[in-house]
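Notebook open, model loaded. I wanted to look up a few spots and jot down what turned up.

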Amino acid sequence: MGTVRAVIFDLDGTLLDTLPDLVVITNKALSDLGFSTHSRDEILSYIGLGAESLISQALPAGTSQEDLLRTLDHWRALYPVMGDTLTSYFPGIEDMLANLRRAGIKTAVLSNKFDAGTQQVVTRYFPGLFDIVHGEGPEIPRKPDPTGLLRTLSELACRPQEAAYVGDSPTDMEVAHRAGVQAWAVTWGYNPPASLIAAGADKVVQAANDIVRFACG
């Protein structure tokens, strides 16, 4: 085994293409409450910093805090029914995770998706494949705050220098460096690879099994 003992993953845009569901559920929540809907590309530009940020950007400028919270609550109520029906794996993800497990490398998920949604999606698409799964919650602030990543490392009994964080956004690269772990950038996600390199990616992942190669040295 190489020097990496644990690989921790972002979820949306890294392991799974969740954008089709996010478009449907966001537009449903907006239309149900009388607000205008948005295109796929518009919603893509809003994601990455959690549900509250997504809804805040999707609502018209000047929307009251009361209406923001009402829309967010409705969005979260819709999620258990509509949150993962159109989601799909990015190529090679399942084999890559199985190969990491066979190599004895610990795996975890740390997402800015709210925790209940993160647990729902991971349970459906990756049953038994992760040692630790965390989404945003009272004790796990949104990335790039490193609190959640440092907690995950502690739960994995792994030192920062023995771990890598894999993601598809500049925020993911930032949280990795703030926690002292390697930052690995995937090229198939929701942000241009150049933006991840500019954000300090230590390695660029062109195909899923590159992660196994990097981890195993």
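Predicted model: local features only at pLDDT ≥ 70, side-chain atom pairs only at ≥ 80, totals over all residues.

I call two residues in contact when heavy atoms of theirs come within 4.5 Å.

**Entry 1: aspartate 21.** I started in helix α1, residues 19-32, where aspartate 21 is found. Which residues does aspartate 21 touch, leaving aside its neighbours within four places in sequence? I got Met82, Gly83, Asp84, Thr85, Leu86 and Thr87. From that list I picked out Thr85: its backbone nitrogen lies 3.2 Å from a polar atom of the aspartate 21 side chain.

Next I checked for a charge partner. Aspartate 21 is buried but has no salt bridge. The nearest side chain of opposite charge belongs to arginine 124, 7.0 Å away, and a salt bridge would need the atoms within 4 Å.

**Entry 2: helix α7.** Which residues of α7 (147-155) are buried? I found Gly148, Leu149, Thr152 and Leu153. They sit on the same side of α7 because they cover an arc of only 140° around the axis.

Just after α7, I noted alanine 157 with a positive phi of about 55°.

**Entry 3: strand β5.** I followed up β5 from that cover. It is mostly covered itself, with 5 of its 5 residues buried. β4 and β5 run parallel, joined by 4 bridges. For phenylalanine 114, I looked up the bridge partner in β5 and got glutamate 136.

Notes: Residues numbered from 1 in each chain as written. Heavy atoms only, no water. Helix = DSSP H or I, 4+ residues; strand = E, 2+ residues; numbered from the N terminus. Buried < 20%, exposed > 50% of the residue type's maximum accessible area, 1.4 Å probe, protein only. Lys, Arg positive; Asp, Glu negative; His and termini not counted. Polar contact = N/O pair within 3.5 Å; in protein donor to acceptor, adjacent residues only side chain to side chain. Arc of directions from axis to C-beta. Pairing = 2+ DSSP bridges.
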